[in-house]
Amino acid sequence: MILTYFILNTSKKRVLFYLLDGARPDVLTQLIAEGRLPHIKQLVDEGTFKIATTCFPSTTGPAYLPFLTGHFPGTLNIPGIRWFDKKEFKRTRWNKMAMRSYCGPEAGWFNTDMPANKPTLFELTGSAYNLYNMITRNVPDEHDLGKKGKNLLYTRAHFFKRHHPVDLQGHERIMELLKSNKDFDFLFAVFPSVDWDSHYHDIRDAQTFEAYEIADNSIGEVRAYLEQKGWWKDILFMLTSDHGLTPTHTHFDLGDWLTDQGLKSISYPVIWRSNPKSAVMISGNSFGSIHLLNHKGDQVLAQKEILKYLGVERLKALLETEAVDFIAYRGDNPFEYYVENRRGRALITCNNNQYGYWPVSADPFDFGIIADGYMETLEATIQSNYPDALVQIVQLFRSNRAGDIIVSARNGYDLRDFWEYPEHKGSHGSLSKEHMLVPLIYNQKGWAGRASRTADIFPTILKWMNKTAIACEGVALN
Ligand SMILES: [Zn+2]
């Protein structure tokens with residue numbers, strides 16, 4: 001009797017999660033101020049709008065992992081939308097695990113590439129629904145709202161550069177679910193057009209603005225329906241993004257550059273070249289990983305071996321390339337990493353959750369010296385040009401698939417030319433603040449006011465739903 005009373009009076013804690021892929025906090029703020037996003041404005045007025053950091057590389061797919069698992073891409077060994085595994089490649093070249101591009105038919109392998117022992121919110125929250133996100137492990141087809149007709153719809157959007165029908169159909173599928181007699185605990189809905197319009201037009205193109213408005217309309221209609229149903233008051237509604245973007249004026253092909261430098265390179269889609277001396281994997285397209293193959297053994301290289309096999313002259317030439325903002329690589333000692341730009345380099349250390357940044361020949365990130373904890377280094381860097389740089393570089397190099405050297409492009413440049421159709425006019429993937437900072441809006445007040453990472457969303461949702469906490473790299477906000 002008491003138990004029945006308890007169940008009837010414990011309102012169900014549902015979560016609606018809207019991912020505006022590629023939404024920038026400043027563009028969102030501008031459109032709110034112009035009165036173009038009335039329903040998002042209402043959420044902000046009643047709840048919270050803060051700016052959070054995403055992960056590095058700041059790229060679609062890997063940057064969904066923090067929301068869904070509470071972990072970063074390096075920790076989960078999926079360090080890019082494309083990656084390369086030197087050990088597997090050197091073992092036998094035509095090997096499914098040697099390299100990956102999730103931009104195409106291999107996208108389906110994302111689910112099995114993820115570590116089996118790291119559960120997603122879909123596996124933890126009861127009746128969970130997905131719209132358009134590619135991480136669908138253990139999501140039954142009938143809970144994958146966008147799946148039916150997705151390939152054709154996406155292909156049309158891509159080739160005709162008409163993206164909005166995808167988001168409009170996504171909204172219709174959400175409404176169909178809500179109006180059916182099915183209940184839900186968790187809905188993860190991706191609205192992809194802000195990202196696509198920003199890539200193929202501009203971050204402030206009229207079509208991009210319209211994509212924000214489509215999401216706003218959807219929120220308005222969904223909210224009105226749930227209010228009428230009496231469910232809204234117990235819903236946690238969250239809206240965020242996986243990265244920002246910046247306009248791109250110049251393409252620089254990192255793979256071609258290495259080939260010109262005498263290190264014949266393979267990169268997607270040209271992965272069949274014989275006797276390659278290097279491999280290059282690009283994400284976003286402002287992030288690149290370099291994997292040197294011109295050496296004996298199958299190990300990832302640290303500082304001394306990089307100087308030997310890339311060579312001092314090539315390293316210098318790479319740093320002087322206009323498109324390159326900075327590079328990073330492992331030091332010769334464990335838990336030591338270098339970041340270097342044309343001015344010089346600094347050392348990053350990590351020891352039992354204590355992070356350090358120590359200028360050596362220069363201060364490429366202009367941080368001065370930092371020696372602090374996991375959350376404190378986020379506070380110390382979130383206002384800088386490289387938000388959360390220390391934790392992000394350390395997590396990325398946990399994965400050997402991140403390569404020997406990673407390259408972060410200067411804003412305005414990307415690292416992949418020629419193969420891209422349609423041409424990219426916007427990019428992301430780098431550690432620059434314009435790519436790393438994302439809006440985080442939720443219909444609650446009074447939660448932690450501290451600096452936040454998108455990885456904090458995972459434990460926050462579990463706590464909201466009264467689920468058992470799971471060890472992860474995020475910290476609950478509530
Ligand atoms: Zn994205």
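Predicted model: local features only at pLDDT ≥ 70, side-chain atom pairs only at ≥ 80, totals over all residues.
Me: What makes H3 and H11 roughly perpendicular?
Reply: The crossing angle. The axes of helix H3 (residues 38-46) and H11 cross at roughly 65°. The class runs from 65 to 115 degrees, and the pair is therefore called roughly perpendicular. The two axes come within 7 Å.

Me: Which residues of H3 and H11 meet?
Reply: Pro38, His39 and Ile40 come from H3. Asp216, Ile219, Gly220 and Arg223 come from H11. By class, this contact has three nonpolar, two polar and two charged residues.

Me: Why is leucine 68 called buried?
Reply: Leucine 68 has 24 C-beta neighbours inside 10 Å. The cut-off is 20 or more, so leucine 68 counts as buried. Leucine 68 sits in helix H4. Leaving aside neighbours within four places in sequence, its contacts are Thr120, Leu121, Ile135 and Phe458.

Me: Why is H18 described as largely enclosed?
Reply: Seven of the eight residues of H18 (residues 457-464) are buried, so the helix is largely enclosed by the rest of the structure. The buried ones are Ile457, Phe458, Pro459, Thr460, Ile461, Leu462 and Trp464. Their cover includes E1, helix H4 (65-69), helix H7 (121-124) and E7. After H18 comes asparagine 466, with a positive phi near 60°.

Me: What makes strand E12 mostly covered?
Reply: Six of its six residues (287-292) are buried. Phe287, Ser289 and His291 point one way. Gly288, Ile290 and Leu292 point the other way. Side chains in a regular strand alternate between the two faces of the sheet.

Me: Which strands pair with E12, and over how many bridges?
Reply: Strand E11 (residues 278-283) pairs with E12 over six bridges, in the antiparallel sense. Serine 283 stands opposite phenylalanine 287. E11 and E12 form a hairpin with three residues between them. In that turn, glycine 284 has a positive phi of about 100°. Strand E18 (residues 405-409) also pairs antiparallel with E12, over four bridges. There, isoleucine 290 stands opposite isoleucine 405.

Me: What are the two domains, and how many residues are in contact between them?
Reply: Domain 1 covers 14-78 + 114-245 + 432-464, and domain 2 covers 250-427. Contact involves 27 residues of domain 1 and 28 residues of domain 2. On the domain 1 side, helix H10 (193-200) and helix H17 (433-436) each supply at least two residues. H17 gives the largest share, four residues. That side divides into ten nonpolar, eleven polar and six charged residues. The C-alpha centres of the two domains lie 29 Å apart.

Methods: Residues numbered from 1 in each chain as written. Domains from an automatic or database assignment. Contact = placed C-beta atoms within 7 Å. Nonpolar A, V, L, I, M, F, W, Y, C, P; charged D, E, K, R; others polar. Axes fitted to C-alpha atoms, helices over the stretch in contact; angles between N-to-C directions. Parallel < 35°, antiparallel > 145°, perpendicular 65-115°, else oblique. Buried ≥ 20, exposed ≤ 12 C-beta atoms within 10 Å, placed from the backbone. Pairing = 2+ DSSP bridges.
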